[in-house]
Amino acid sequence: MSTATDTGLRPRRFDLIVFDWDGTLYDSTGLIVRCIQAACADLGLPVPAPSEAAYVIGLGLHDALAHVAPSLPPERVPELGQRYRHHYFKRQHELSLFEGTLALLEALKARNHWLAVATGKSRQGLNEALGHVELRGMFDGTRTADETASKPHPRMLNELIAEFGVAPERTLMIGDTTHDLQLASNAGTPSVAVSYGAHEPETFHQHGPLHIAHSMAELHDWLVRHA
């Protein structure tokens, strides 16, 4: 496997670029919020405000639902998860990549970056999403919350770093939530935030991202210039 020392192949600041999925590459924030709210309503639980439901996006599903439904006994969280999945799978065909995502990924591939995904989705959920948008094979590595630790624990990012044999400082994490930025901080990697997803950009500064991109086009431009 090539390394960062192969200057002819990878003369860049970052060898490995890791993306969050929902709200970063995939325009799914609104649907996830509505499905969380519908699942809570199904079980007669208080329906969280949109901002409260959006806050948990990026966490593993169990942790996310436990957070939005603190009055629900722990043994019933899987039941809430079943209702969430019922609503989500019924409408996931409506989702798409943010405009410009494919062009960005292809540009980074052409520059010989390794590309990966670190997501709070399940393995089944990520595989279905990748198939839906025809991105199977685009990413060199992926980690999901059901096969490792949920964000912001650094395990999923540490595992990707180890898989590709890169240094943390030559790995870049990109996400739309404070969970993503805290994941990067916990793993000792730089980060970039995007403001068009689940969390408000004023919450990002305390985590010290290198940049906050306000559109996919701006993210593309920054990565081409600085990654």
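## Ground rules

Helices (H or I, at least four residues) and strands (E, at least two) are DSSP runs, numbered from the N terminus. This is a predicted model: local features need pLDDT of at least 70 and side-chain atom pairs count only at pLDDT 80 or more, while totals for chains, interfaces and linings use all residues. Residues are numbered from 1 along each chain as its sequence is written, and side-chain values use heavy atoms, with hydrogens and water left out.

## Helix α1

Start with helix α1, residues 29-42. It has 14 residues. From its first C-alpha to its last it reaches 20 Å, close to the 20 Å expected at 1.5 Å a residue. (The expected span is 1.5 Å times one less than the number of residues.) Just after α1, G44 takes a positive phi of about 70°.

The buried residues of α1 are T29, L31, I32, V33, C35, I36, Q37, A39 and C40. Buried means under 20% relative accessible area, exposed over 50%, and partly exposed in between, with a 1.4 Å probe and protein chains only. What covers these residues of α1 includes α2 (50-55), α3 (61-68) and α4 (77-91). An α-helix has 3.6 residues a turn, so residues three or four places apart point the same way.

## Two cysteines, no bond

The structure holds zero disulfides. A disulfide is a pair of cysteine sulfur atoms within 2.5 Å. The sulfur of C35 has its closest cysteine sulfur in C40, 11 Å away, and that is too far for a bond. Both residues are buried: C35 has a relative accessible area of 3%, and C40 is at 0%.

## The sheet

Now the strands. Six of them form an open sheet in the order β3-β2-β1-β4-β5-β6, with parallel pairing. β3 (141-144) and β6 (212-213) stand at the edges with a single partner strand each, so one side of each has no neighbour in the sheet. Two strands pair if DSSP finds at least two bridges between them. Strands of a sheet pair through backbone hydrogen bonds, either parallel or antiparallel.

Look at β1 (residues 16-19) and β4 (residues 171-175). They run parallel, joined by four bridges. L16 has T171 as its bridge partner in β4.

## Helices across the sheet

Helix α5 (residues 101-110) lies across β1 and β2 (114-119). It runs at about 160° to β1. Angles run from 0 to 180 degrees between N-to-C directions; axes are lines fitted to C-alpha atoms, for helices over the stretch in contact. Contact means heavy atoms within 4.5 Å.

Helix α9 (residues 216-226) lies across β1, β4, β5 (191-194) and β6. Its angle to β4 is about 170°.

## Salt bridges

The structure holds twelve salt bridges. Each is a side-chain nitrogen of Lys or Arg within 4 Å of a carboxyl oxygen of Asp or Glu.

Take K151 and D20, whose closest N and O atoms are 2.8 Å apart. K151 lies in the loop between β3 and α7 (155-164) and D20 in the loop between β1 and α1, so the pair ties together parts 131 residues apart in sequence. Both K151 and D20 are buried.

D42 pairs with R83, with closest N and O atoms 2.9 Å apart. This pair links distant parts of the chain: D42 is in helix α1 and R83 in helix α4, 41 residues apart. D42 is partly exposed at 38%, and R83 is partly exposed at 29%.

E94 forms a salt bridge with R91, again with closest N and O atoms 2.9 Å apart. E94 is partly exposed at 44% relative accessibility, and R91 is partly exposed at 31%. Salt bridges that share partners also join D20, K151 and D180 into one network.
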